[in-house]
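User: I have just opened this entry and would like a short walk through it. Could we take it piece by piece?

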Amino acid sequence: MDGHELVKLYEKGIRDFSEADLKNADLSGINLSGIFLTNADLSDAKLSRAFLIGANLTDANLGGANLRGANLEGANL
């Protein structure tokens, strides 16, 4: 799954993307509040300035991910 596809599904109300392969996805500046990314592969993803308020990132692979300026308030890491 790429970032564009995830955003389209998120906009339709889908929030559970557990175990999604989002390696290298560009989600910079996107509002993904309340998203479930448990066990997702976000390695090398671009998440700068993303809104991940209340996100569930339990056991997500964030190796090499750019989280600069991301809002992780209330996120479960």
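User: Where is Asp-59 found?
Analyst: Asp-59 lies in the segment after α1. Please keep in mind that this is a predicted model.

User: Is Asp-59 buried or exposed?
Analyst: Asp-59 is exposed, with a relative accessible area of 60%. Its phi is near 60°, a positive value in a residue other than glycine.

User: Stepping back, how many helices and strands are there in the protein chain?
Analyst: The protein chain has one helix and zero strands. Its radius of gyration is 11 Å, close to the 11 Å that the globule rule gives for 77 residues, so the chain is as compact as a globular protein of that length.

User: And what does the C-alpha trace span along its principal axes?
Analyst: The C-alpha trace spans about 25 × 25 × 20 Å. Of the 77 residues in the protein chain, 35% are buried.

User: What share of the contacts join residues at least 24 apart?
Analyst: Counting contacts between residues at least 6 apart in sequence, 3% join residues at least 24 apart.

User: Let us turn to Ser-48. Buried or exposed?
Analyst: Ser-48 counts as buried, because its relative accessibility is 9% and the cut-off for buried is under 20%. Ser-48 is also found in the segment after α1.

User: Which residues is Ser-48 in contact with, leaving aside neighbours within four places in sequence?
Analyst: Ser-48 is in contact with Ser-28, Gly-29, Asn-66, Leu-67 and Arg-68.

User: What about Arg-49 itself, buried or exposed?
Analyst: Arg-49 counts as exposed, at 52% relative accessibility. Phi of Arg-49 is near 60°, which is a positive value in a residue other than glycine.

User: How far is the C-alpha atom of Arg-49 from that of Ile-30?
Analyst: The two C-alpha atoms are separated by 7.5 Å, while Ile-30 and Arg-49 are 19 residues apart along the chain.

User: Which residues does Ile-30 touch, not counting those up to four places away in sequence?
Analyst: Ile-30 touches Val-7, Ala-50 and Phe-51. Ile-30 is partly exposed, with a relative accessible area of 26%, and is found in the segment after α1, the helix at 3-11.

User: Last topic, the charges: how far apart are their mean positions?
Analyst: The mean positions of the 7 positive and 11 negative charges of the protein chain are 7 Å apart. As for the surface, the protein chain exposes about 4,300 Å², and carbon and sulfur atoms supply 46% of that area.

Key
Residues are numbered from 1 along each chain as its sequence is written. This is a predicted model: local features need pLDDT of at least 70, side-chain atom pairs count only at pLDDT 80 or more; totals for chains, interfaces and linings use all residues. Side-chain values use heavy atoms; hydrogens and water are left out. Helices (H or I, at least four residues) and strands (E, at least two) are DSSP runs, numbered from the N terminus. The radius of gyration is taken over C-alpha atoms; the globule rule is 2.2 Å times the number of residues to the power 0.38. Buried means under 20% relative accessible area, exposed over 50%, partly exposed in between (1.4 Å probe, protein chains only). Contact means heavy atoms within 4.5 Å. Accessible areas come from the Shrake-Rupley method with a 1.4 Å probe; for residues, only the protein chains shown count as cover. Lys and Arg count as positive and Asp and Glu as negative; His and the chain ends are not counted. The place of a charge is taken as NZ of Lys, CZ of Arg, CG of Asp or CD of Glu.
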